[in-house]
Each structure stands twice: as structure tokens, then as C-alpha cells.
Amino acid sequence: MLSMLTVGGLVASLLAAPVQPEPVAAPPDKITIEIVTVNGSGCRAGTAAVATAEDNTAFTITYSDYLAQVGVGARPTDFRKNCQLNLRVNVPPGFTYAIAQADYRGFAHLQRGATGQQRASYYFMGTSPTAYRSHSFNGPISDNWQATDVTEVASLVYAPCGEVHHLNINTELRVYAGTSDPTTTTSFMAMDSTDGGVSTEYHFAWKQCD
């Protein structure tokens, strides 16, 4: 089994918010998620798919062509790839949700001296975009990678009750040659999978509306 390179961090607050009550159990009725719009060099049309967990605790996004690279065979613009997803999350009446945790996975091949970076931000439409949270990786690496963002309970920001506010998820991969030689080597960082086995997972926190 390949070892995982793990890093952890805190998701930046979506809004300045008061202390929140503890999340409740997921609603029993099925939720659905639709990709409304998709933009970015890392998720061309038809290369991103979303699926909801059976127990309504999370959803996953799978990419099939999300790769940033530098060096031999790479174009000058390939060092940065990004994806902007706009999702409509349909929840049962009487419930609302926040994103409590996000797990990102992929594969990195970074030459000695090269570096990679994964960044993400989350916000509901109608609110101000948040600062990106970043995770860095230093070569030499040729392995699976994982990055996890966690939001503390007191910092959870929930979608407004009784309203439809689409969820925006912005992600980005960057690879820099650094002190490696881009004329003879290639470094890359991917957030995709040819067999659908690698995906990003977003964990819900649920709350009942008053």
C-alpha cells in the first residue's frame, strides 16, 4: 500500500459568525447535488462529477483531467490549474448545512528542488469569497498525497435556512520547478484518477432550522 503524505489545516471562516450550536445528525431524507456551472483549466466540461454519500454525511467530486506540471512536455501555462464549481445542494425542509471538512487526494511527482501547492476556498453565493487555505509539498516526491481542511464547530458557517444559496468551491494546483532543471525533467501534481478511485470529499455539518 502506498503511504500517504498528509497535511492538515483550518478552513478560513466563510463569514464572521457567532458561536454555533453543535451539529445534529444528518437528515434521513435523501439530498441531491447538481453541478450548475464548472469553469477552469483543471476541470474542462465533462471532466468533473459529483456524488452524494448514502448516509448524507458527505459528497465527493471526482476529476479526470486535473494536472499541473512544469518541465519537459509542459506548456508555460501548465504550472497552474484551477477549478471553480458552483453547486446547488438540495436539502430536506427544516435542515441546513455547512462544510465541516474537506479531504483532497491525488498523486505528486516532484523532482528534487521542485515544489507543489494545493489551494482551496469555499463560500455561499451572496457572501464574500474567503482567503485560500494552502498546502505545500516539496520534492523529491513520487507518491500519493492528501491534504485535509477542517473547520472548528464554533467557526462553521451554515447556508441560510429556507433559501437556496449555491455553494462555490474553488480549488487550485501549482507546480514550480524551483532549483530542479525543467529542461531535462518533469514535475507534476494531479488531483485526478483514471479509474475514479481518487476524489475529493466534503463532509457536511447539519443543523435544524428554527
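A disulfide here is a pair of cysteine sulfur atoms within 2.5 Å. This is a predicted model, where local features need pLDDT of at least 70 and side-chain atom pairs count only at pLDDT 80 or more, while totals for chains, interfaces and linings use all residues. Residues are numbered from 1 along each chain as its sequence is written, and side-chain values use heavy atoms, leaving out hydrogens and water.

Q: Why is the pair Cys43 and Cys83 called a disulfide?
A: The two sulfur atoms are 2.1 Å apart, and the cut-off is within 2.5 Å, so the pair qualifies. The link is right-handed, with 100 degrees about the S-S bond.

Q: What makes Cys43 and Cys83 a tie between separate parts of the chain?
A: Cys43 sits in the loop between β2 (32-39) and β3 (48-52), and Cys83 in strand β6 (residues 80-90), so the bond joins parts 40 residues apart in sequence. Strands are DSSP runs of E with at least two residues, numbered from the N terminus.

Q: Why is the disulfide of Cys161 and Cys209 called left-handed?
A: Its torsion about the S-S bond is about -90 degrees, so it is left-handed. The sulfur atoms of Cys161 and Cys209 are 2.0 Å apart.

Q: Why is Cys161 called partly exposed?
A: Its relative accessible area is 35%; buried means under 20% and exposed over 50%, with partly exposed in between (1.4 Å probe, protein chains only). Cys43 and Cys83, in turn, are both buried.

Terms used
Helix = DSSP H or I, 4+ residues; strand = E, 2+ residues; numbered from the N terminus.
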